[in-house]
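The sequence and the structure are shown first.

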Amino acid sequence: MRSRPIVTGSIPRSAAVASVVAAALAAGLLAGSASAAEATADDATAAIRIHDIQGTTRVSPLVGQQVTGVTGIVTGVRTYGSRGFWMQDPDADDDAATSEGVFVFTSSVPTVAVGDAVSVAGLVGEYVPGGLTSGNQSVTQISKPKVTVVSSGNALPEAVQVNEYSVPAQYAPEGDPAAAGSINGLTLDPATYALDYYESLEGMNVRIGTSRVVGATDPYAELWVTVKGWENTARRGGTLYGSYESQNTGRLQIQQLAPLAQQPFPKADVGDKLTGVTEGPLDFNQFGGYTLVARTLGTVQSKGLEREKTKAQQPGELAVATYNVENLDPTDPQEKFDALAKAVVENLASPDIVALEEIQDDNGAKNDGTVSAGETIRKFTDAIVAAGGPAYQWRSIDPVNLKDGGEPGGNIRQVFLFNPERVSFTDRDAGDSTTANGVVRLNGHAALTHSPGRIDPANPAWDDSRKPLAGEFVFRGRKVIVIANHFSSKGGDEGLTSVHQPPVRSSEAKRLLQAQAVNGFVKDILATEKNAEVIALGDINDFEFSGTAQALQDGGALYSAIRSLPRAERYSYVYQGNAQVLDQILVSPAVKNYAYDSVHINAEFADQNSDHDPQVLRFRP
């Protein structure tokens with residue numbers, strides 16, 4: 001699960017800007033000089049235009065300086081969150097790299113209105129949403145302002161049309177190696193790079209026409225559209241993230257200026273259309289980068305996207321599924337249990353084996369040492385029966401308290417559900433949370449020393465992360481070894497709009513070690529029995545083209561079965577408008593003639609029971 005950080009404290013944005021600028025100047029991360037940062041009101045510069053403040057790079061050449069007499073027309077007012085207003089010079093220069101708009105941070109509710117002509121004095125700064133270590137780009141702004149309203153009711157500067165013709169095909173320039181891969185010091189090239197194009201419009205009044213929704217409305221009242229309807233299109237209307245070079249330049253986040261109490265934000269699913277005109281200032285925020293903050297918001301036209309249902313397995317087919325149930329615990333409303341259970345029965349056709357991720361302990365996030373999850377699983381399996389499904393039995397291993405990551409106190413773990421009417425579980429010297437599983441030869445076949453058992457739990461690769469759960473199943477006399485995984489999250493990775501290009505993906509190192517550990521265990525099985533049928537599945541938290549996936553597949557031990565789908569169907573998660581693979585089922589060479597389905601029931605919808613789509617594989621052992 002990807003989530004926004006919980007903010008436990010804050011400082012005023014003006015203070016944050018000052019500290020960020022000082023630290024950044026000292027570190028050489030932002031353009032400017034120490035003398036500029038120490039400028040005072042006595043050094044104020046008159047007759048400065050907004051494009052002078054914005055300059056031709058991502059960082060203002062006037063950062064840290066006081067300015068006076070900066071004029072423009074107010075194009076948007078934000079009365080909540082980061083309070084302030086956007087202003088734009090109606091008389092643009094002839095340099096496409098310089099923005100004519102800027103955000104004025106007031107801290108309190110602004111007293112200006114859209115259409116006011118204003119003159120502003122204040123401190124030029126670069127605010128980095130999320131802080132310097134986030135890797136985010138900065139927002140040029142004026143803080144501690146003195147604002148004079150010159151006149152009201154003025155026409156707004158004509159909005160810049162953002163569309164498939166204006167946004168370049170290349171995503172970003174290569175970062176400067178001498179500046180740790182930063183693009184801050186590079187002159188903007190808005191005709192060549194999408195990120196440069198959006199940056200050249202920072203703070204300006206922009207407009208999009210009717211556009212397809214590629215990221216459903218989320219709990220934070222925002223959605224994602226694409227202005228390039230043809231770009232890497234998914235079968236059901238999304239935009240595919242199929243490689244590190246397929247960032248999808250047409251994606252744009254949409255928010256609204258109006259408070260939700262005044263104007264509810266529309267609910268939209270992937271494939272819907274945001275019709276008509278959506279217009280407002282172009283902002284940059286911590287949770288998605290460039291964002292059109294709509295003063296005028298279009299109307300959602302529903303496509304009527306339906307939740308998928310997979311085919312039921314035939315009598316001779318074994319159906320194996322993985323499903324991340326997003327921190328399920330007994331304190332969740334019964335409605336969540338019922339909805340997840342209904343999905344298992346109706347959308348997944350009651351698979352024979354289900355590997356669950358993010359099952360929490362019996363009191364959820366309450367941090368009191370509880371690690372058992374029997375009540376969580378009982379509520380879930382009872383709900384499945386009530387929904388018309390089988391009476392699943394289950395196997396799992398309780399983790400050591402607070403050692404497997406996830407929500408503090410929740411002690412998430414993987415759980416096997418299995419339908420005893422169709423498949424049996426082989427119980428053999430069940431392991432505990434710290435005992436390592438192994439492979440032996442038993443009756444001519446590979447066997448686990450512990451079933452269920454955990455793979456290499458003392459390996460540092462699993463520190464503060466879920467240890468893989470391995471178990472043996474028998475279907476119609478054939479043994480199948482299943483490994484349930486939930487690899488480390490992408491927390492700490494920089495976003496696609498990072499100031500570093502390519503972005504730093506620091507979390508990959510740990511998942512690579514985890515993948516190598518699982519791959520090594522599977523190789524041990526195959527060395528013992530060449531034709532052993534092994535399935536490794538779960539929330540891998542990485543893409544099918546990633547180094548993690550390559551390490552899992554090393555030596556041909558496993559193959560990521562989602563790659564058997566057409567490219568337009570390869571996704572299980574939607575993040576910032578990119579449909580992508582996080583959940584995978586991998587099979588050993590002996591698992592052949594299978595059918596694979598990524599069952600799209602959550603990720604594309606505003607109403608979700610989980611943020612992941614479950615995966616199902618059917619085959620004849």
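## Helix α6

G388, which comes after α6, has a positive phi, near 95°. Residues are numbered from 1 along each chain as its sequence is written, and the model is a predicted one, in which local features need pLDDT of at least 70, side-chain atom pairs count only at pLDDT 80 or more, and totals for chains, interfaces and linings use all residues. Side-chain values use heavy atoms, with hydrogens and water left out. Helices (H or I, at least four residues) and strands (E, at least two) are DSSP runs, numbered from the N terminus.

α6 has 13 residues, which at 1.5 Å a residue should span 18 Å, and its end C-alpha atoms are 18 Å apart, in agreement. The expected span is 1.5 Å times one less than the number of residues in the helix. T376, I377, K379, F380, T381, A383 and I384 are the buried residues of α6. Buried means under 20% relative accessible area, exposed over 50%, and partly exposed in between, with a 1.4 Å probe and protein chains only. An α-helix has 3.6 residues a turn, so residues three or four places apart point the same way. The buried residues of α6 pack against β15, α5, β16 (353–359), β17 (393–396) and β18 (413–418), where contact means heavy atoms within 4.5 Å.

## Helix α5

Helix α5 (residues 334–347) has 14 residues and should span 20 Å at 1.5 Å a residue; its end C-alpha atoms lie 19 Å apart, which agrees. Its buried residues are K336, F337, L340, A341, A343, V344, V345 and N347. They pack against β15 (318–328) and α6 (374–386).

## The loop between β17 and β18

N401 and N411 are both placed in the loop between β17 and β18. How exposed is each of them? N401 counts as partly exposed, because its relative accessibility is 26%, whereas N411 counts as buried, because its relative accessibility is 3%. The side chains of N401 and N411 are joined by a polar contact of 3.0 Å. A polar contact is a pair of N or O atoms within 3.5 Å; within protein, one must be able to donate a hydrogen and the other to accept it, and residues adjacent in sequence count only if both atoms are side-chain atoms.

The side chain of N411 also makes a polar contact of 3.0 Å with the side chain of D361, and it reaches the backbone nitrogen of L402 at 2.8 Å. Not counting residues up to four places away in sequence, N411 touches I359, Q360, D361, T370, V371, P399, V400, N401 and L402. The C-alpha atom of N401 is separated by 45 Å from that of P173, 228 residues apart along the chain.

## S433

S433 is found in the loop between β19 (424–426) and β20 (439–442). It is buried, with a relative accessible area of 15%. Leaving aside neighbours within four places in sequence, S433 is in contact with I397, D398, P399, V400, R454 and P457.

## Cavities

The whole structure has two cavities of 30 Å³ or more. On a 1 Å grid over the protein atoms alone, a cavity is a set of points where a 1.4 Å probe fits but cannot get out, and a pocket is an open set with protein on both sides within 12 Å along at least five of seven lines; lining residues have an atom within 4 Å of a point. Grid points are joined across faces, edges and corners, and a volume is the space filled by probe spheres set on the points.

The largest cavity holds about 40 Å³ of space. Its lining is made of S396, I397, R413, Q414, R454, K467 and L469. By class, these are two nonpolar, two polar and three charged residues. Ala, Val, Leu, Ile, Met, Phe, Trp, Tyr, Cys and Pro count as nonpolar, Asp, Glu, Lys and Arg as charged, and the others, Gly among them, as polar.

The second largest cavity holds about 30 Å³. Among its lining residues are W86, F103, E202 and D283. β3 (101–105), β5 (139–151) and β12 (278–285) are the elements that give two or more residues to this lining.

## The second largest pocket

The second largest pocket has a volume of about 200 Å³. It is lined by 14 residues, and D95, A96, T98, S200 and L201 lie nearest its centre. The lining divides into eight nonpolar, three polar and three charged residues.
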